[in-house]
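Let's take a walk through a protein chain together. Keep the picture open beside the text and look for each part as we come to it.

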Amino acid sequence: MDTPRRGPRGRPASKKDKNGRPMPVRADRDRFIQWFFEEIPRPGLDDAMLVSGDERFYRLHNALRDDVYRNVSPGTLCRKFGVSWLDLVSLWNRHSIYSGLLVMLNHLPRIAMDLAEDSESHDGPCPRCDGIGHVMRENGQAPCPACGGAGRVRVPGDANARRQLFEILGLIGPKRGRSRAA
Ligand SMILES: [Zn+2]
């Protein structure tokens, strides 16, 4: 355990971690690390540590479940394995973003299909006659001049959806500009 050695004029009760964050000399009194372990749900944090690819997080994960360390605070274990506050925050940040991306990716095929379908032209009710096929004149009904009495017309695909689709495909927009410049 690191015990603060006090010189004649005393030493500050904190030092700095590897990222320059001031931290208390006693690791079990590190309130930022305490707060992290209180706030972050443990199952998710366990997953994040297990898929981190980082040996320090593997050790920390094992120690947190090890009976030998049952009376040792997370702050002390973090310091023991070289895990800083910023390491923890970065781990959780990365894990949350990847989890969110996975959720979004599951919806992506459907959204891509919607976007493509919205872009397509389709048949729809004639806006001139509201799909009835005729209009009222002074001398009575007459076939609708817009749809010829069919009640339906060709409706162009959504312009915004088309623009997005073409941009994604790199046919128009800044992507195309960049590839030209490169
Ligand atoms: Zn019409």
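**Starting at a glycine**

Not counting residues up to four places away in sequence, glycine 75 touches Ala27, Asp28, Asp30, Ile33 and Gln34. Glycine 75 sits in helix 4, residues 74–80. Is glycine 75 buried or exposed? It is buried, because 23 other C-beta atoms lie within 10 Å. The rule is that a residue is buried if 20 or more other C-beta atoms lie within 10 Å of its own, exposed if 12 or fewer, and partly exposed in between, with C-beta atoms placed from the backbone. Glycine 75 and isoleucine 33 are 42 residues apart along the chain, yet their C-alpha atoms are separated by 5.6 Å.

Before going on, a word about what you're looking at. This is a predicted model, in which local features need pLDDT of at least 70 and side-chain atom pairs count only at pLDDT 80 or more, while totals for chains, interfaces and linings use all residues. Residues are numbered from 1 along each chain as its sequence is written.

Now step back to the whole chain. Its secondary structure comes to seven helices and six strands. Helices (H or I, at least four residues) and strands (E, at least two) are DSSP runs, numbered from the N terminus. The chain has 182 residues, and buried ones make up 12% of them. Take the contacts with a separation of 6 or more: 47% of these are accounted for by residues 24 or more positions apart.

Next, find helix 2, residues 42–50, where Leu45, Ala48 and Met49 are buried. They cover an arc of only 95 degrees around the axis, so they lie on the same side of helix 2. (The arc is that of the directions from the helix axis to the C-beta atoms.) Pro43 and Leu50, on the other side of helix 2, are exposed. What covers the buried residues? Helix 3 (55–65) and helix 5 are included in the cover.

Let's look at how helices pack. Two packed helices are described by the angle between their axes and the distance between the axes. Helix 2 and helix 3 pack at about 140 degrees, with their axes 8 Å apart. Axes are lines fitted to C-alpha atoms, for helices over the stretch in contact, and angles run from 0 to 180 degrees between N-to-C directions. Helix 2 and helix 3 are therefore oblique to each other; angles under 35 degrees count as roughly parallel, over 145 as roughly antiparallel, 65 to 115 as roughly perpendicular and the rest as oblique. At this contact, Asp46, Met49 and Leu50 in helix 2 meet Phe57, Leu60 and His61 in helix 3. By class, that's four nonpolar residues, one polar and one charged. Here Ala, Val, Leu, Ile, Met, Phe, Trp, Tyr, Cys and Pro count as nonpolar, Asp, Glu, Lys and Arg as charged, and the others, Gly among them, as polar.

Another pair to find is helix 5 (residues 85–119) with helix 6 (residues 159–169), which pack at about 125 degrees with axes 8 Å apart. These two helices are therefore oblique to each other. Leu115, Ala116, Asp118 and Ser119 in helix 5 meet Ala161, Arg162, Gln164 and Leu165 in helix 6. Zoom in on alanine 116: it counts as partly exposed, with 13 C-beta neighbours inside 10 Å. Alanine 116 and alanine 161 are 45 residues apart in sequence, but 7.6 Å apart in space, C-alpha to C-alpha.

Finally, two stops in loops. Arginine 21 is in the loop between strand 1 (14–16) and strand 2 (22–24). Leaving aside neighbours within four places in sequence, arginine 21 is in contact with Lys16, Trp85 and Leu86. With 14 other C-beta atoms within 10 Å, arginine 21 is partly exposed. The other stop is aspartate 130, in the loop between strand 3 (122–125) and strand 4 (134–137). Most residues other than glycine have a negative phi. Aspartate 130 has a positive phi of about 60 degrees, although it is not a glycine. Aspartate 130 is exposed, because 11 other C-beta atoms lie within 10 Å.

How values were computed:
Two residues are in contact if their C-beta atoms, placed from the backbone, lie within 7 Å.
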